[in-house]
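Welcome! Here is a guided look at one protein model and the molecules it holds.

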Amino acid sequence: MTRRVLLVSFLALGACSPGTGRQGGTPADTGSALPMAQQRILRAALLTVPSAPVRPESLPDPTNAGARVLVQYCTQCHAMPSPSAHGAQDWPFITRQMWVYIDEMKGELGVQAPSTAERVQLLTYLQAHALEVATSLPPGAGKETFQATCSRCHVLPDPRRHSPPDWPNVVMRMERNMERFHVSGVSHVMAEQIVGYLQMASARK
Ligand code: HEC
Ligand code: HEC
């Protein structure tokens, strides 16, 4: 957390305020202490993964070695991502990208890189608690809206993951995620269609 605060205050110093130099390096950025590539990584990280309310103690299996790696290394540039934010098949690609960023930033502003063993522990942990993916979806009203809307940030979730009375709250939380991630939201009618479809599909045996 302290390192993240450090990164945020570094960016806030104005050396590279968000919004400048998005098209690439501008001469205004050259006053900064960090090379351009590293400034870009920090800016992208802060813009892409907004502060979501994931607290270390609310992680699944929080004393697992992989959970500790997540808390220690994955909060250095952006807020801690939830293991359930992606399906098990997507985590290897996402973490591979993060190793590239981490190796690029290593040593700058105190950024630390995990060992190979820690990387394996983390991936195992993320995959064990990943988003449960829909395998077969029944036909029904709202299916297309669900498929188009709910596959934009992660793989399509399994409707049976939640009971019918739970789905309205989960969809409301996802609407907040859309706001946070600056992804276009859904109309009230669309949200109702999605909830209706999920409730129908989750009630099936
Ligand atoms: C050195 C800085 C840095 C560290 C440390 C870091 N990330 Fe990232 N992360 C980024 C940047 C930059 C982005 C935005 C660009 C992108 O998505 O590739 C990002 C985006 C993400 C996203 C959003 C992308 C998506 O598709 O949802 C996830 C999830 C993520 N990181 C997970 C992790 C995990 C897990 C770790 C711990 C291993 C981690 N990050 C550590 C820099 C970092
Ligand atoms: C803007 C990106 C985004 C969109 C679009 C999105 N999600 Fe998510 N989803 C997330 C993130 C981030 C998490 C992990 C944090 C959380 O649970 O809020 C997540 C996690 C989940 C989970 C696993 C956690 C749980 O409570 O079971 C389910 C299920 C889910 N999403 C369903 C949906 C549905 C249904 C839709 C379509 C209405 C949707 N998502 C659209 C970002 C998104």
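Let's start with one histidine. His 78 is buried, because its relative accessible area is 12%, and buried here means under 20%. Please keep in mind that this is a predicted model.

**The iron atom of ligand 1**

Which residues are the protein donors of the iron atom of ligand 1? They are His 78, through its NE2 atom, and Met 98, through its SD atom, and they lie 2.1 to 2.2 Å from the iron. The iron atom has 6 donor atoms, with angles of 86 to 180° among them, and its site is octahedral. For comparison, the ideal angles for six octahedral donors are 90 or 180 degrees.

Met 98 is partly exposed, with a relative accessible area of 29%.

**The shell around ligand 1**

| Residue | Ligand atom | Distance |
|---|---|---|
| His 78 | nitrogen of ligand 1 | 2.8 Å |
| His 86 | oxygen of ligand 1 | 2.7 Å |
| Tyr 101 | oxygen of ligand 1 | 2.7 Å |
| His 154 | nitrogen of ligand 2 | 2.8 Å |
| His 162 | oxygen of ligand 2 | 2.6 Å |
| Asn 177 | oxygen of ligand 2 | 3.1 Å |

**The shell around ligand 2**

How many residues surround ligand 2? The number is 18, and the closest are Cys 150, Cys 153, His 154, Arg 173 and Met 174. Which helix provides the largest share of this shell? That is helix 7 (residues 167–180), with 5 residues. Sorted by class, the shell around ligand 2 has 11 nonpolar, 6 polar and 1 charged.

Thr 149 lies in helix 6, which covers residues 143–149. Is Thr 149 buried or exposed? Thr 149 is buried, because its relative accessible area is 8%. Its side chain reaches the backbone oxygen of Thr 145 at 2.7 Å. If you leave aside neighbours within four places in sequence, Thr 149 is in contact with Met 178, Val 186, Met 190 and Ile 194.

Finally, look for Gln 72, which is found in helix 3. At 36% relative accessibility, Gln 72 counts as partly exposed. Gln 72 and Pro 56 are 16 residues apart along the chain, and their C-alpha atoms are separated by 9.8 Å.

Note on methods: Residues are numbered from 1 along each chain as its sequence is written. Chains are lettered from A and ligands numbered from 1 in the order in which they are written. This is a predicted model: local features need pLDDT of at least 70, side-chain atom pairs count only at pLDDT 80 or more; totals for chains, interfaces and linings use all residues. Side-chain values use heavy atoms; hydrogens and water are left out. Donors are N, O and S atoms within 2.8 Å of the metal (3.2 Å for Na, K and Ca); water is not among the atoms, so sites may look incomplete. Four donors count as tetrahedral if all angles lie between 85 and 135 degrees; four count as square planar and six as octahedral if opposite donors are over 155 degrees apart and all others between 65 and 115; anything else is irregular. Buried means under 20% relative accessible area, exposed over 50%, partly exposed in between (1.4 Å probe, protein chains only). Helices (H or I, at least four residues) and strands (E, at least two) are DSSP runs, numbered from the N terminus. A polar contact is a pair of N or O atoms within 3.5 Å; within protein, one must be able to donate a hydrogen and the other to accept it, and residues adjacent in sequence count only if both atoms are side-chain atoms. Contact means heavy atoms within 4.5 Å. A residue is near a molecule or strand if one of its heavy atoms lies within 4 Å of it. Ala, Val, Leu, Ile, Met, Phe, Trp, Tyr, Cys and Pro count as nonpolar, Asp, Glu, Lys and Arg as charged, and the others, Gly among them, as polar.
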